[in-house]
Amino acid sequence: MAALRGLLARPLASYYLLISSSGLLLLIGLTMVFSATSVRAYATDGNAFAMLAKQALFALIGLGAFWICQRLPARTFRAVGLPTLGVAVVLLVVLDILHLFDKLNGDGGDASLGPLEARLLWLYIGPIQVQPSELAKFGLVLWGADMIARKGAALGWWRELATPLFPVVGLLFLLVGYNDLGTMLCLLAVLVGLLWAAGIRKRIFATLSIFGLLGVGLLVAAASIGAGSSGDGGPNYRLARLTTFFNPPPPQECGLNDCYQYFQARYAIDNGGWFGVGLGKSSLKWNWLPEAHNDFIFAILAEELGVVGCVVVLSLFAVLAYTGLRIARRVADPFRRLAATAATAWLVSQAVINIGGVVGLLPITGLPLPFISDGGSALVVTLAAIGMLASFARAEPDAARALHARPAPRWVRLVWAPLPPIPPARRRGKVPAPARREPVSGAGKRRETEAGPAGGRARKGRAGTASERRR
């Protein structure tokens with residue numbers, strides 16, 4: 001424990017913990033995507049590496065986003081927050097309008113208008129595929145942190161919270177939650193992280209919790225009129241998932257209904273045992289478990305790597321959560337503190353919701369597992385958020401002083417990241433002001449001269465022998 005405390009006390013400990021945990025999660029994710037998709041890719045395309053190549057391409061793009069974001073200062077993140085959120089809102093509006101247009105026409109398939117095409121949660125702009133809800137998470141982190149940091153202590157008033165935070169967040173929840181309830185819960189976690197880091201009072205949290213539960217209830221009911229993947233007038237799949245979670249039917253009565261995926265994930269976990277059946281040897285991925293490469297990839301990981309593999313993944317997410325909160329606690333800038341807390345809440349809550357749904361501790365919401373599930377937009381945005389946290393980790397006061405004390409060569413700073421700004425010097429205790437002296441009379445002046453300054457010790461005379469003076 002002493003050695004561990006010594007390692008954590010190093011100036012750049014946060015930076016190295018963040019890089020190592022996220023890098024290992026990315027490596028595990030690429031391995032599991034290949035394992036979960038190789039059979040399906042070979043059956044459809046004749047190439048077992050087709051899905052892996054696509055995911056690796058998005059990983060390279062995400063690493064480029066990570067490299068860019070870790071080089072940016074805090075003022076750049078504050079400047080791009082509002083444009084990022086605005087682009088996400090525009091894309092969400094286009095996506096919802098295309099879906100609405102499709103339902104009014106009664107086609108029931110993928111909606112398209114010229115080069116634009118909407119497929120449930122994805123928007124295709126020609127050959128480019130984008131998931132706007134992923135960009136909305138990052139946009140809310142940046143814009144919300146900037147807005148709250150500007151308001152400062154005024155956030156204790158409801159008027160300051162209501163303008164413009166609540167209207168923008170409410171619009172974002174509506175645009176995202178109508179099609180994707182799971183992502184809306186992640187946005188709610190981001191909002192809670194921002195307000196918690198800002199020190200909002202508990203009664204405000206209680207009021208927001210009531211409104212949040214009401215909003216989730218309305219979105220669950222909206223699935224009966226075609227929200228999400230339900231058809232207009234079709235069964236409410238969101239309510240069915242809640243019912244299955246609170247009152248699961250017996251496995252023999254499940255069939256191919258809404259509880260099929262629920263039990264197949266349990267079978268995969270049970271088949272894995274303590275040490276798993278071996279990497280690449282899963283049997284449930286042979287089209288027995290729906291979305292085995294995406295929302296339920298943790299079940300395939302549990303089947304192939306067992307409890308040991310699950311503990312490794314959970315430990316890496318725990319290290320990521322600790323590192324994000326450590327960065328938020330150590331940085332001095334309010335914007336960095338708020339953004340680091342919100343980004344950590346986003347990534348950790350998404351992992352908890354996904355894993356909790358797979359193992360049966362939470363209802364199924366259809367959220368991907370960060371770093372590990374197949375998905376291009378999610379991986380790129382996640383790595384960009386890690387790059388932002390890396391920039392903040394290098395800006396910690398101790399880390400910045402250490403980097404300036406022993407700067408890397410110039411070519412390393414050009415290729416990797418520039419030096420962070422030097423933090424202000426630590427404030428020492430204030431020196432007390434000298435006490436005011438009362439005016440003294442002439443006799444008093446003579447006494448002060450003889451006895452020494454007022455309030456001080458009297459001067460000792462030089463009478464006596466040398467040994468006495470030394471004593």
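Helices (H or I, at least four residues) and strands (E, at least two) are DSSP runs, numbered from the N terminus. These legends use that numbering for a predicted model.

**Figure 1. Overview of the protein chain, with 18 helices and 4 strands.** The structure shown is a predicted model. Of the 471 residues in the chain, 45% are buried. Among the contacts with a separation of 6 or more, 68% are between residues 24 or more positions apart.

**Figure 2. The open sheet, built from 4 strands in the order β1-β2-β3-β4.** The pairing in this sheet is antiparallel. Its edge strands are β1 (111–113) and β4 (128–130), each of which pairs on one side only. On average, neighbouring strands are turned by 20° against each other, direction ignored. Helix α4 (residues 74–105) packs on the sheet and touches β1, β2, β3 (122–125) and β4. The direction of α4 makes about 80° with that of β2.

**Figure 3. Pairing of β1 with β2 (residues 116–119).** The two strands run antiparallel and are joined by 3 bridges. Ser-112 has Glu-117 in β2 as its bridge partner.

**Figure 4. The hairpin of β2 and β3, with 2 residues between the strands.** Here 4 bridges join β2 to β3, and the strands run antiparallel. Ala-118 stands opposite Leu-123, a residue of β3. In this hairpin, Leu-120 takes a positive phi near 60°.

**Figure 5. The hairpin of β3 and β4, with 2 residues between the strands.** The pairing of β3 and β4 is antiparallel and extends over 3 bridges. Tyr-124 has its bridge partner, Gln-129, in β4. Gly-126 takes a positive phi near 65° in this hairpin.

**Figure 6. Helix α10 (residues 237–246) and its buried residues.** Tyr-237, Arg-238, Ala-240 and Thr-244 are buried in this helix. Seen down the axis of α10, the buried residues fall within an arc of 160°, so they line one face of the helix. The cover over these buried residues includes α7 (165–177), α8 (181–198), α9 (202–222) and α11.

Figure 7. His-293 has a relative accessible area of 12%. The residue counts as buried because this value is under the 20% limit. Leaving aside residues up to four places away in sequence, His-293 touches Ala-36, Thr-37, Arg-40, Ser-373 and Asp-374.

**Figure 8. The second largest pocket, with a volume of about 410 Å³.** The lining of this pocket consists of 22 residues. Of these, Leu-135, Ser-377, Val-380, Val-381 and Ala-384 lie nearest the centre of the pocket. The elements that give two or more residues to the lining are α3 (50–71), α4, β4, α5 (132–151) and α14 (376–394). Helix α14 provides the largest share of the lining, 5 residues.

Terms used
Residues are numbered from 1 along each chain as its sequence is written. This is a predicted model: local features need pLDDT of at least 70, side-chain atom pairs count only at pLDDT 80 or more; totals for chains, interfaces and linings use all residues. Side-chain values use heavy atoms; hydrogens and water are left out. Buried means under 20% relative accessible area, exposed over 50%, partly exposed in between (1.4 Å probe, protein chains only). Contact means heavy atoms within 4.5 Å. Two strands pair if DSSP finds at least two bridges between them. Axes are lines fitted to C-alpha atoms, for helices over the stretch in contact, and angles run from 0 to 180 degrees between N-to-C directions. The arc is that of the directions from the helix axis to the C-beta atoms. On a 1 Å grid over the protein atoms alone, a cavity is a set of points where a 1.4 Å probe fits but cannot get out, and a pocket is an open set with protein on both sides within 12 Å along at least five of seven lines; lining residues have an atom within 4 Å of a point. Grid points are joined across faces, edges and corners, and a volume is the space filled by probe spheres set on the points.
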